[in-house]
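Take a moment with the picture before reading on.

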Amino acid sequence: MKSVSGANKSKAKRLDPISLTVIWNTLVSIADEMGSALARTAFSEAVREGQDFSTGLFDAQGRLVVQGNFTPGHLGAMPYVVKNVLEFIPPESLEQGDMIVTNDSFLGGGHFPDFFMVAPVHEGTRLIGYVVNTAHHVDVGGRSPGSQAVQGVVDAFNEGVRVLPIKLVRKGEIDSDLLRVILANVRLPEKVRGDLLAQRNANHVGSERLRKLFAQNGDELMADAIEEILDRSEARARELIAAIPKGKYSFDDQMDDYGPNTPAIRVCVDVTIDENGATVDFSRSSDQVPAGLNCYINYTRAYASFAMRIFAQIDVPNNAGVERVIKTTAREGSFFNATYPAASGGRACIQVRIFDVINGAMAAAVPKLAMGAFSHWGNPNLGGIDRATGKPWIMYDLIFGGYGGRSYKDGVEGMAPVMNCANVPIEVHETNNPIRIQRLELIQDTGGAGRYRGGCGLRKDVELLCENATLSLLGDRHKNAPYGLFGGSPGAAAQTLLLSEGKTIDLGSKEVRSVSKGDVISFRVAGGGGYGNSDDREKHRVLADLRNGFISRASAKSDYGLTDSDISS
């Protein structure tokens, strides 16, 4: 029997299972409470309504300990952001109440709208950890309202204000000079200022809670608990990844283009499962592109790690222990490991494709956990100057369609794919912007047929009420429909239509377009892919879909083989 060292005996005596559970759950609750504070005090619809933000806690060594249950793109990038930030501003130069901010694409979360705020937490003169949050800001300047345009943006210098790590907050107070520089470069300074203050609020809440937890338990017990959390998380992640059959699993997909009249972008992955864990390699994908769509490696890591958590069914909260087991790579200069100053403002729409291509690869390894492809989603930005008020405005929207069918369940509709954000209510859009929502509905016959059908796409029609505006589209799956699995059919492809002066104009998925008063933009996101052969779908499910309007009589006949008598019975 292996002997237990004196140090381990002492540690075991200090840290019993109940203490570990209480500390671990308290740390998670602190991260969640930070998110609540951020949402409640934010000014913009993106943060307050759309919940496009994330939070995390790190130890004094800069290791991720816990994260809030928010958006994976932020969460997965956060460990690398903290590492990068502390290389610019050494920990010994930080005091309680200081907070470092950066939105740099390479150092941060992949595009300028995401501001990360890192705050040290001190107990007396001792550094005990860091609290961190990030939020998507509705505008950071650049070529188009919303700062997420793809078409016509050739490099990062077109995309808005770039903030390398700076002490924006000193001893709890925002540096007014630095803030003035940032706000001078954005279209909606009041909302950006309000959201930055909300980020400060969130870190203040997290800092006070973390200090209290350390005071209650003492430094030694907290240090033991953190090491145990990381070690147990790593062990559990290794155990679950080891349960996946070893081998190399590959899948190829593609994005429509990077703007009108441009070629498709190859999205190719090789996932290797071996005794060391999981390696996700995007090196076979396209080169970076001359448009605002490239993916920096932090963002690639974030969603690759998230996807592998899903397929390994990793059931512990994400932290540095889990990250030890999943490696993400891509050749430098490729689409998924872009080099600065590659433009990346529209990188949000890549997240679903990262998941979808890994999903396609892992379908061969764990078929019951895979699903038909997502419908993708829409993240349009519409904005300009409202002549009635003389003020700038930006409608930042999140339009969610359907999930793909799974091995046991149909795809659901209207839910955020792989990002944990929320729909922005129609009433909020109409109150804050000169627009009218004419229609919001599911689109019949768009979910891919299968034993379990894909979720339907969603249609949202937006009328412009002011003189003119700029529309920046951020979508996909207009040309390449979401795939089905194991005999399931693909979902219907997406469309974006401009209804103007009696004409219907088909827009590209990443087009930038001027629109005028009375124009209607009809966003129609794709349907999810089906799972399994449609001949195996139970008749009562087909009839229920028919009654609920998900499919038409024609689809019931052609896709599922029902007869008129079946439908009439």
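## Helix 8 meets helix 10

Helix 8 passes helix 10 in a right-handed crossing. (Helices here are DSSP runs of H or I with at least four residues, strands are E runs of at least two, and both are numbered from the N terminus; a crossing is right-handed if the near helix is turned clockwise from the far one by less than a right angle, and left-handed if anticlockwise.) This is a predicted model, so local features need pLDDT of at least 70 and side-chain atom pairs count only at pLDDT 80 or more, while totals for chains, interfaces and linings use all residues. Residues are numbered from 1 along each chain as its sequence is written, and side-chain values use heavy atoms, with hydrogens and water left out.

The axes of helix 8 and helix 10 (residues 351-362) come within 9 Å and cross at roughly 40°. (Axes are lines fitted to C-alpha atoms, for helices over the stretch in contact, and angles run from 0 to 180 degrees between N-to-C directions.) Helix 8 and helix 10 are therefore oblique to each other. (Under 35 degrees counts as roughly parallel, over 145 as roughly antiparallel, 65 to 115 as roughly perpendicular and the rest as oblique.) On the helix 8 side, the contact residues include Tyr299, Tyr303, Phe306 and Ile310, and helix 10 brings residues including Gln351, Ile354, Phe355 and Met362. (Contact means heavy atoms within 4.5 Å.) Sorted by class, this contact has twelve nonpolar residues, three polar and no charged. (Ala, Val, Leu, Ile, Met, Phe, Trp, Tyr, Cys and Pro count as nonpolar, Asp, Glu, Lys and Arg as charged, and the others, Gly among them, as polar.)

## Helix 6 and its partners

How do helix 2 and helix 6 pack? Their axes are 8 Å apart, at an angle of about 160°, and helix 2 and helix 6 are therefore roughly antiparallel to each other. Helix 2 passes helix 6 in a right-handed crossing too. The contact of helix 2 with helix 6 has eleven nonpolar, nine polar and three charged residues.

Helix 6 also meets helix 7 (residues 219-242): the two axes come within 6 Å and cross at roughly 110°. That makes helix 6 roughly perpendicular to helix 7. Leu213, Phe214 and Asn217 of helix 6 touch Asp219, Leu221, Met222 and Ile226 of helix 7. By class, that contact splits into five nonpolar, one polar and one charged.

## Two open pockets

Now for the gaps. Rolling a probe the size of a water molecule over the atoms shows where empty space is left. On a 1 Å grid over the protein atoms alone, a pocket is an open set of points with protein on both sides within 12 Å along at least five of seven lines, a cavity is a set where a 1.4 Å probe fits but cannot get out, and lining residues have an atom within 4 Å of a point. Grid points are joined across faces, edges and corners, and a volume is the space filled by probe spheres set on the points.

The largest pocket holds about 790 Å³ of space. Its lining has 33 residues, and Asn69, Pro72, Phe306, Ile310 and Asn420 lie nearest the centre. Which helix gives the largest share of that lining? Helix 8 does, with five residues, while helix 2 (17-41) and helix 4 (72-88) each supply at least two. The lining comes to 21 nonpolar, seven polar and five charged residues.

The second largest pocket has about 340 Å³. Leu188, Glu190, Lys191, Lys391 and Pro392 lie nearest its centre, out of 13 lining residues.

The largest cavity has a volume of about 130 Å³, and among its 18 lining residues Gly378, Gly475, His478, Thr496 and Val525 are the closest to its centre. Seven of the lining residues are nonpolar, nine polar and two charged.

The second largest cavity has a volume of about 110 Å³. Of its 17 lining residues, Asp52, Tyr299, Arg347, Ala348 and Gln351 are the closest to the centre. Helix 4 and helix 8 each supply at least two residues of this lining.

Most residues other than glycine have a negative phi, and most peptide bonds are trans. Lysine 171 has a positive phi of about 50° although it is not a glycine, and it lies in the loop between strand 6 (166-170) and strand 7 (173-174). Tyrosine 340 and proline 341 are joined by a cis peptide bond, with omega about 15°. Proline 341 is found in the loop between strand 11 (326-329) and helix 10.
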